[in-house]
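Me: Hi! I've got a structure to look at today. Could you walk me through it?

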Amino acid sequence: MFDLVVDLSSNNAVFDFPLANSQGCRSAYVKVGGDNIPRYFSPSYTPRADSGHLLGWPLGSYWITGGHDPASAAAFFVAHLRAYRMPDYVVLDNEKLDDGNVYTDAEAAAWVNEVVALGVPAPRVLHYGSKSFMESHAWPQLLATGCSFIIADYNGTPLVNHIPSTIPASRVVGHQYADNGNVGGAHPVDLNAFVPGFLTSTATASTGAQGDEFDMASIADLQTVVGSAAADIKSAIRREARARLYFCATPPAGLPNFVAIFWERDPAEGKNILYGNAGELQVRHWLEVYYQTSDTVEQAKAAPVTPEAFQALVNFALGKDSAFTNALAPAAK
């Protein structure tokens, strides 16, 4: 048994998501962009990401390697993710295409670590490579990141004889077994077999288990501890008012598109503003992971703030306008 997954780029001019779903496809990982030519964002990504989410699919998003600046590539990639949420996943396509190059072990690890630092859990970051490439040398730094793997080996038989000698079988969640599929009206399209359970998993840390060797008692204990800790965190956060989230499409120089302001905190303490410098994924985590804001990203976008008002809000929150507003106040009698 396996879950059928396809990967899509602008080379697949046609792809009917509902048709693919009816044919048994359960996910797609869609190209965001890459460095295989001068860095770019794929125009087909956003509408296809929305179509996948509309079906309720866990969405995959992938980046093609190139250049030798994995950290900035990862930051660009995460900034362009479309409405990332669990159990979505991301993929580093580590192969030489066009004018690009493959990443070394250190470069691939740097890309993964940056993506994880920007909010994607390590097990939901997948490294894609051919079986022969993965067996060409060891990958100690990449393995240490906790990422998962998709292995390309076009043997035509899903999840059979695809594990490289350099990668533990427990870390391989996908097998790209054919490049001539016909799914969703797209032909040819790459066919991937994902191990059952990965697409719906919400695990945020690697278990290190081999295959099905899980200690169910330990998992139950962990769930109890995590649930209790989460309840404590929520309770502590809810003792104070959450931050209000503000969005500006064209923010003033030096400010990101999103800021969150805790209006009840003392500006003198310097902890009353959150800046969304890492992009929309970071901002979503303020609410969905840390319960820090009272507004969703969608609500903030629906009520955009002008650049002038955006700067004024930040200034007020920082206490920078006190002299100005006091000067305009009527004199006491």
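Me: Let's start with Thr250. Is that residue buried or exposed?
Reply: Thr250 has a relative accessibility of 54%, and the cut-off for exposed is over 50%, so Thr250 counts as exposed. Keep in mind that this is a predicted model.

Me: Okay, and where is Thr250 found?
Reply: Thr250 sits in the loop between β10 (244–247) and β11 (258–261).

Me: How far apart are Thr250 and Val305 in space?
Reply: Their C-alpha atoms are 9.2 Å apart, while in sequence the two residues are 55 residues apart.

Me: You mentioned β10 and β11. What order do the strands of their sheet have?
Reply: This is an open sheet of three strands, in the order β10-β11-β12, and the pairing is antiparallel. On average, neighbouring strands here are turned by 20° against each other, ignoring direction.

Me: How many bridges are there between β11 and β12?
Reply: Three bridges, in the antiparallel sense. As an example of who faces whom, Ile261 is opposite Ile273 in β12.

Me: Which helix packs on that sheet?
Reply: Helix α8 (residues 280–288) does, and it touches β10, β11 and β12. The direction of α8 makes about 25° with that of β11.

Me: Switching topic: why is strand β5 described as largely enclosed?
Reply: β5 covers residues 89–93, and five of its five residues are buried, so the rest of the structure largely encloses this strand. Tyr89, Val91 and Asp93 point one way from β5, while Val90 and Leu92 point the other way.

Me: Nice. Which strands pair with β5?
Reply: Strand β4 (residues 59–64) runs parallel to β5 and is joined to it by five bridges. Ile64 has Asp93 of β5 as its bridge partner. β5 also pairs with strand β6 (residues 125–130), again parallel, over four bridges. There, Val90 is partnered by Val125 in β6.

Me: And how does the chain cross from β5 to β6?
Reply: The chain goes through α4, in a right-handed β-α-β crossover. β4, α3 and β5 form a right-handed β-α-β unit too.

Me: Last one! At what angle do α3 and α4 pack?
Reply: Helix α3 (residues 70–79) and helix α4 (residues 105–117) pack at about 35°, with axes 8 Å apart. Residues making the contact include Ala74 and Phe77 of α3, and Trp111 and Val115 of α4. The contact residues divide into 10 nonpolar, two charged and no polar.

Conventions
Residues are numbered from 1 along each chain as its sequence is written. This is a predicted model: local features need pLDDT of at least 70, side-chain atom pairs count only at pLDDT 80 or more; totals for chains, interfaces and linings use all residues. Side-chain values use heavy atoms; hydrogens and water are left out. Axes are lines fitted to C-alpha atoms, for helices over the stretch in contact, and angles run from 0 to 180 degrees between N-to-C directions. Helices (H or I, at least four residues) and strands (E, at least two) are DSSP runs, numbered from the N terminus. Contact means heavy atoms within 4.5 Å. Ala, Val, Leu, Ile, Met, Phe, Trp, Tyr, Cys and Pro count as nonpolar, Asp, Glu, Lys and Arg as charged, and the others, Gly among them, as polar. Buried means under 20% relative accessible area, exposed over 50%, partly exposed in between (1.4 Å probe, protein chains only). Two strands pair if DSSP finds at least two bridges between them. A crossover is right-handed if, with the strands pointing away from the viewer, the path from the first strand over the helix to the second runs clockwise.
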